Amino acid sequence: MFYIKDKDSLKSFIPQETISELLEKTKNPDPAKVREIIQKSLNKNRLEPEEMATLLNVENKDLLEEVFEGARELKRRIYGNRIVLFAPLYIGNECINNCQYCGFRITNKHIERRSLSLDEVVEEVKALETKGHKRLIVVFGEHPKYDAKFMTETIKTIYETKVGKGEIRRVNVNAAPQTVGDYKLFKEVGIGTFQIFQETYHYETYKKYHLSGPKSNFHWRLYGLDRAFEAGLDDVGIGALFGLYDWKFEAMGLLYHTIHFEERFNVGPHTISFPRMEPALDTPLAERPPYTVSDDDFKKLVAILRLAVPYTGLILTAREPVKIRNEVMKFGVSQIDGGSSIGVGSYHESDDEKLKRSQFLLGDNRTLDQIIEELAEEGYLPSFCTGCYRLGRTGEHFMEFAIPGFVKRFCTPNAILTFLEYIEDYAPEKTKIIGIRRIEEEIKNMKNNPLKEQLLEKIEKVKNGERDLYF
């Protein structure tokens with residue numbers, strides 16, 4: 001079990017002083033050095049900490065635009081123009097932690113506590129499926145009610161719930177750190193990615209804002225995904241909550257976490273998330289973050305993360321307003337949520353009280369169809385693909401396909417097939433017209449080869465009612 005008590009032992013993993021020294025050392029970077037670093041990333045190589053620190057210190061507007069263009073180009077080369085869509089599903093908001101930025105914290109007496117029964121989970125999933133969702137991230141507070149058995153029973157229920165042609169094909173999990181034995185239960189039930197956000201990698205800041213409960217143990221949380229790897233889960237997601245401490249330090253922490261996984265398990269995280277702190281019910285700290293991240297710095301953050309970890313998926317959530325989401329998607333985001341609601345039970349219940357059951361406020365309240373329509377209009381290819389996960393292309397195997405560029409080769413056809421399913425089964429007429437045009441353009445741009453011929457055959461099968469076809 002990977003669990004270190006002494007904070008000084010972290011110097012080989014999250015070297016607190018070294019990060020600060022690197023950020024100081026690389027101020028006023030040489031433009032030639034910056035361009036060299038961008039080119040290294042474009043050659044599909046993960047950056048080293050000093051290289052990331054150098055990019056983080058770029059302030060010149062013209063040079064920063066070169067950083068942005070590097071991120072855009074990297075997205076085009078590796079991910080193409082596809083955007084994977086998912087929805088968050090909050091199962092319960094009871095929590096025994098006292099995290100000063102979170103609406104779910106145990107000391108919040110104004111939030112309405114609720115945990116969904118399995119019957120209510122079914123109703124939530126049906127509501128999501130009737131809108132066209134195929135991928136979920138299920139979210140649990142940290143509470144004795146939400147043990148591994150409860151969580152895995154919930155996940156099984158989600159997979160078993162189907163309405164019409166709808167089904168959930170991938171369930172990712174955002175939950176408290178588990179023991180190795182409990183992680184094995186999640187593997188057995190067939191989850192996708194297990195996410196744990198460290199929130200802040202700065203030790204003293206972590207202790208300051210996590211006052212009590214299991215989450216107050218910095219090291220138990222930091223090594224939580226090591227135990228997941230040990231249990232056989234090879235798709236993990238990391239993240240930091242931006243606003244608790246200096247954003248440049250947190251970005252460096254995410255890179256060091258990635259390097260830790262590569263060195264110990266020979267594969268980095270499948271996804272990185274970078275949410276900014278948002279207002280929450282009766283949560284003063286969330287209203288006034290200690291380290292507010294401006295929109296300009298947020299754009300810079302996303303672009304540099306893309307360059308630093310070329311093959312890691314970047315998740316942009318509906319915390320952000322539409323304008324910012326549209327801007328930073330160009331810098332290398334690969335996944336977004338759509339049609340999201342984070343009040344417990346709020347997908348199948350229409351009421352004005354969901355805020356009282358929510359962890360924070362959302363910045364993007366568009367429906368799934370509105371987002372899909374706008375994505376297609378802007379030249380993106382909406383995707384609900386789950387092919388890699390279901391064919392075993394995860395963890396180290398995913399990298400075997402990703403590094404030579406095969407993922408883009410597979411993902412574009414799979415995106416087309418899942419987008420066509422959405423068009424056939426759920427899209428209103430306007431979205432159908434826009435979507436078909438988008439698919440036709442994608443096919444036109446594909447090279448004539450056996451894969452394209454197979455794709456055209458599968459497209460006809462989808463039009464004739466077959467579902468869940470993928471490469």
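User: Before we start, what does "axes" mean for helices here?
Analyst: Axes are lines fitted to C-alpha atoms, for helices over the stretch in contact. One thing to keep in mind: this is a predicted model.

User: Okay, so how do the axes of α6 and α7 cross?
Analyst: Helix α6 covers residues 148-160 and helix α7 covers residues 180-189. Their axes come within 10 Å and cross at roughly 10°. Angles under 35 degrees count as roughly parallel, so α6 and α7 are roughly parallel to each other.

User: Which residues make that contact?
Analyst: From α6 you get Ala148, Met151, Thr152, Ile155, Lys156 and Tyr159, and from α7 Asp182, Leu185, Phe186 and Val189. They divide into seven nonpolar, one polar and two charged.

User: New topic: how many aromatic pairs are there?
Analyst: The structure holds 18 aromatic pairs. One of them is Phe13 with Tyr223, an edge-to-face pair at 5.3 Å centre to centre with 80° between the planes.

User: Where in the chain are those two?
Analyst: Phe13 is in the segment before α1, and Tyr223 is in the loop between α9 and α10, so the pair links distant parts of the chain, 210 residues apart.

User: Buried or exposed?
Analyst: Both Phe13 and Tyr223 are buried.

User: And why is the Tyr183 and Phe194 pair called what it is?
Analyst: Planes over 60 degrees apart count as edge-to-face. The planes of Tyr183 and Phe194 are at 80°, with ring centres 5.1 Å apart, so that pair is edge-to-face. Tyr183 lies in helix α7 and Phe194 in strand β6.

User: Last one: what sits over the ring of Trp220?
Analyst: The charged end of Arg227, 3.5 Å from the ring's centre.

Definitions and conventions. Residues are numbered from 1 along each chain as its sequence is written. This is a predicted model: local features need pLDDT of at least 70, side-chain atom pairs count only at pLDDT 80 or more; totals for chains, interfaces and linings use all residues. Side-chain values use heavy atoms; hydrogens and water are left out. Axes are lines fitted to C-alpha atoms, for helices over the stretch in contact, and angles run from 0 to 180 degrees between N-to-C directions. Helices (H or I, at least four residues) and strands (E, at least two) are DSSP runs, numbered from the N terminus. Angles under 35 degrees count as roughly parallel, over 145 as roughly antiparallel, 65 to 115 as roughly perpendicular and the rest as oblique. Contact means heavy atoms within 4.5 Å. Ala, Val, Leu, Ile, Met, Phe, Trp, Tyr, Cys and Pro count as nonpolar, Asp, Glu, Lys and Arg as charged, and the others, Gly among them, as polar. Rings of Phe, Tyr and Trp (its six-membered ring) pair if their centres lie within 6.5 Å; planes under 30 degrees apart count as stacked, over 60 as edge-to-face and the rest as tilted. Buried means under 20% relative accessible area, exposed over 50%, partly exposed in between (1.4 Å probe, protein chains only). A charge sits over a ring if NZ of Lys or CZ of Arg is within 6 Å of the ring centre and within 35 degrees of the ring normal.
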